[in-house]
Amino acid sequence: MVFRDFPLEPSTRVWLELAFTTPVVLWAGLPFFQRAKESVQTRNLNMFTLIGVGTGAAFGYSVLATVVPGVFPSGFRTAEGIVPVYFEAAAVIVTLVLLGQVLELRARERTSDAIRLLLGLAPKTARAVDAQGNESDVPLETVAVGNTLRIRPGEKVPVDGVVIEGQSSVDESMLTGEPVPVEKQAGDKLIGGTVNGTGSLLMRTERVGSETLLARIVQLVADAQRSRAPIQRLADVVAGYFVPAVIAVAVLSFTIWALVGPEPRLSYALLSAVSVLIIACPCALGLATPMSIMVGTGRGATEGLLIRNAEALEALQTIDTLLVDKTGTLTEGSPRVVSSRAIGLGDDELLQLAAGLELGSEHPLAKAILTAAEDRGLRLQAAQDVQSITGKGITGTIGNRVVALGNRALLESRSVSAGALAREAEEHERRGHTVVFILIEDQVAGLLALADPIKATTPEALRRLKDRNISVAMVTGDSERTAQAIAAELGIKEYYAEVLPEQKIQLVRKLQAEGRKVAMAGDGINDAPALAQADVGIAMGTGADVAIESATVTLLSGELTGLTRAIALSRRTMSNIRQNLLFAFGYNAVGVPIAAGILYPLYGLMLNPMLASAAMTLSSVSVIANALRLRTIRLED
């Protein structure tokens, strides 16, 4: 495209340049001019404003200089008597900006690797089993809720469901980040996209299509990558002032060169103005935040950290207080009955009554009671007129008796004394056991003591949080003695016991009013309001769906150690964004004065618009490359 070294007449050369560069500028660069026009019409000046003005000025000036050179005064002419043109500069600018756009798109595609990898987990077919036991492969989209599917050794689980027959180990590492396969047997949940081990499983489908955990993860990650962090809004505000300021500098530069510059003054004036407009193009500024957010949330997905939006990713780095629910978060969430004591009836009958009340309940304590009854081979009678009393217990009618099951708060609400069981209940609570009382016609008939083992990873997670100067407070509906025992075992100094669901959200608000940045971690339905109120709501991926939907961060593995990785990811992502902004603003702070000609009086140097465009593209590439580093950073201490 460069004709300066060819033995052509100057006028012939410029006409050839016009012919070859016009398609590049007016066709390939048309989208830039359209977006520049829109930015002016909407008064939302941006990088395309500068590209449109700069490239348009260089090309338009060159067309006039070629078609009607006589309209230009002598001050515009070179020693050869011709008016200098910048067709090459305009074409190269468009080409380099397009190159920058292509590099950005390729980088965005790379940040979507996590999503594509997740999407690729789902198999295309499923092996259906009909009522007669016949098996056949069917397209995944035809699978419905309630279908029975066979999962053979080594196959991927097609949809979410529950095991109804068989035993195997399932690799859930891609979704949870945990490398150890999880043992599955009848009654255990299966997640679509995970990989079956050596056993054969029969499953009943519970969620299909967009309702599966895998599909929801993909959607939430995609939403997070499109969201805007508060730091991005700051960059947008700065850019809103930056673009008019650059245009003002370009006008001022043109004026000064035209008035006091060396000959040909007007040519130098145009050169400096166009260079300022091009080199100040805030492409890198526009990429600085979204690129890091996209890469960061994608990296989180591969680590089993589901971050709902950019606001949550930014807020994670600021938390100084973590409220953590006990059951299912600090503990396994799978308690078991370790002791029972009946008054006036047998232990089996006591357990039968308790289990009859809990039939159909999904609460971890209910499951423990039902499991204990099943282990003893007890026949259960479902309670009638069952009513749940939030934070206290449950009541219903079994046979002709009104039975209630609950904690001390239930006794107090009915003005019932624990009587002879008070001392035994206190002893269990001192050992960290959860005690539930069984009442028959408002008389204490016995108690059950349940133990919920602390997760093996919990002490290490608490140590890491302490090292990050994050204050951890335990909140639980358990009694004061049980909470004290668990807190002492884990070294947690601040705890809140006998807390009702509505009190959890009040506690979050209280701590926020004290100026704390509060994160709430939980896994139950009763945690959902507090999760939504907290600055960062953290749900365990093994918990209730409503908790996951209320939270802004989900730890798919259900382990609190994932939170320390999420915080590390947040801090590194925000640091990466600040580095990108430094690249963008630092580049412009250096480049604009040089483009305006500040070095000319000292060194006789002027910045060609083509070099300015190349520098602009290089700054964008630097930002992209820096953001992509998040794909490989360490998230462990």
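A: The model is predicted. Four residues make up a nonpolar patch on the surface: Trp-15, Leu-64, Val-67 and Val-68. Val-67 sits in helix H3, which runs over residues 47–67. Its relative accessible area is 45%. Val-67 therefore counts as partly exposed, because that class lies between the 20% limit for buried and the 50% limit for exposed.

Now helix H2. This helix covers residues 30–41, 12 residues in total. From first C-alpha to last, H2 reaches 17 Å. That is close to the 16 Å expected at 1.5 Å a residue. Phe-32, Ala-36 and Ser-39 of H2 are buried. They cover an arc of only 60 degrees around the axis, so they lie on the same side of H2. Lys-37 and Gln-41 are exposed, on the other side of H2. After H2 comes Arg-43, with a positive phi near 55 degrees.

Last, the sheet. Three strands form an open sheet in the order E6-E5-E8, and the pairing is antiparallel. Strands E6 (182–184) and E8 (195–196) are the edges, each pairing on one side only. Strand E5 spans residues 168–171. E5 and E8 pair in the antiparallel sense over 2 bridges. Val-170 has Asn-196 of E8 as its bridge partner. In general, strands of a sheet pair through backbone hydrogen bonds, either parallel or antiparallel.

Technical notes
Residues numbered from 1 in each chain as written. Predicted model: local features only at pLDDT ≥ 70, side-chain atom pairs only at ≥ 80, totals over all residues. Heavy atoms only, no water. Helix = DSSP H or I, 4+ residues; strand = E, 2+ residues; numbered from the N terminus. Expected span 1.5 Å × (residues − 1). Buried < 20%, exposed > 50% of the residue type's maximum accessible area, 1.4 Å probe, protein only. Arc of directions from axis to C-beta. Patch = residues over 30% accessible without salt bridge, like charges linked within 9 Å, V, L, I, M, F, W, Y side chains within 5 Å. Areas by Shrake-Rupley, 256 points an atom, 1.4 Å probe, with all protein chains shown as cover. Salt bridge = Lys/Arg side-chain N within 4 Å of Asp/Glu carboxyl O. Pairing = 2+ DSSP bridges.
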